[in-house]
Amino acid sequence: MDKEKIDQLKNLAAQGDMEAQFQLGNFYWDAYHDADTEEEEDEAVKNAVKWYKKAALQNHLPSLLILGELYETGVGEYEDYEEAAKWYLRAAALGDISAQYRLGDLYYDDGEYAKAVKWFKQAAEQGDADAQYRLGMHYYDEEDYKKAVKWLTSAANQGEPEAQNLLADCYHWGNGVRQSNKTAFHWYKLAAEQGQRDAQYWLGNFYSCGTGVKEDKAEGIKWYKKSAEQGEPEAQFQLGMAYRYGFGTEENEEEAFKWFKKAAQKDHDEAQCELGICYLNGIGVKEDAEKAFKWFLKSAKQNFPEGQDYLGWCYENGYGTPKDIHKAIKWYKKAAELGEESAQERLEELEQMIQVEQKPEKCPRCGSEKIKPILYGLPAPGVDPDQYIMGGSPEGFNPPSWGCSECSARFSKVLSHE
């Protein structure tokens, strides 16, 4: 803009012409973006705000909106949510839908939900899809599902992908509406085609399982991959499983490892366990005991029972970590409490073995004070070891314990048929 034009605007602006004030504000705003030094930036912003305010005080709508955004986003020293709300409020009072939505957003972020709902509703009733979605999401979070469905449907019918995805969730789980996998599939598909990553995951899940649509595992992989590439950890995990076991695609250990690792790095507990298994068995990567232990530990700490089971195994066998039977028992117990059967079996065996560490003062069979650990168990009192028949678990025999050399030698002869 040349000097003559600027001078004309300044003259008009000084006379109260709000359009000239607005254009002058734009001139200084552009100068802010073109400034070479911090001092030039500060001066430009100061002048822009000065002229926008003069226009805004005359209810110039574009100036009101710019001031609200400027104070909301915080340019220079101008970040001030209360000041932003003040200018948005003036614009909203003029019926501006975008200001009503922004005002609702500000109040919502500040935890003033009643005020937020008031302004979202004003914008939503005027047909604003973003406000309809936010209103629907609010009611969904409040578990007022019927109101949620009403507003989500309005937004979804306008093509709002987030609303389409959440509306699909309502139909999927039967929240506020009659459960329908077919209708859920319809909305997930519309949202997924617009790039909504959660919807892409669910679309992959529906195709893979034949939920609401004919089963098509290859199509399921396609949508899992789209979601996974956007960083959705559950999709990354499912993609890893597909490549690991050949579900809907050819087995590919390297690809399985890649996707397990991406999901594991986002704290997906099952993926962390699968990644540990990859390092344990050299699946798609070189075997690495320490890394296997690391990922089993992460999974176990998130209460994933299989991860806890593998962690117990690591401690029991000294794999990737010093051997520690007590820690092995601790993690086997946690896994067993969550229903992991293999952990329950190992827990029972280790709890018997650990009795070896509880050294008595005398041999439990003959009373001798010369005792030593007997790893394979001694006959229980009253059981003649000469009558012991090899094969299977002997009834009447104690678990691993302590005993004297004489009893141990006699028992060893029986076991070796000497």
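1. Let me start with Glu255, which is partly exposed at a relative accessible area of 21%. (Buried means under 20% relative accessible area, exposed over 50%, and partly exposed in between, with a 1.4 Å probe and protein chains only.) Its salt-bridge partner is Lys258, at 3.5 Å from N to O, and Lys258 is partly exposed too, with 34% relative accessibility. Both residues sit in helix α15 (residues 253-264), three residues apart, about one turn of the helix.

2. Salt bridges that share partners also tie Glu72, Arg102, Asp105 and Arg134 into one network. A salt bridge here is a side-chain nitrogen of Lys or Arg within 4 Å of a carboxyl oxygen of Asp or Glu. The structure holds 14 of these salt bridges.

3. Helices are DSSP runs of H or I with at least four residues, numbered from the N terminus. Asp105 is buried at 10%, and Arg134 is buried at 11%.

4. Lys222 and Glu219 form a salt bridge at 3.3 Å, N to O. They are three residues apart in helix α13 (residues 217-229), so about one helical turn separates them. Lys222 is partly exposed at 39%, and Glu219 is partly exposed at 22%.

5. A word on the basis: this is a predicted model, where local features need pLDDT of at least 70, side-chain atom pairs count only at pLDDT 80 or more, and totals for chains, interfaces and linings use all residues. Residues are numbered from 1 along each chain as its sequence is written, and side-chain values use heavy atoms, with hydrogens and water left out.

Terms used: Helices (H or I, at least four residues) and strands (E, at least two) are DSSP runs, numbered from the N terminus.
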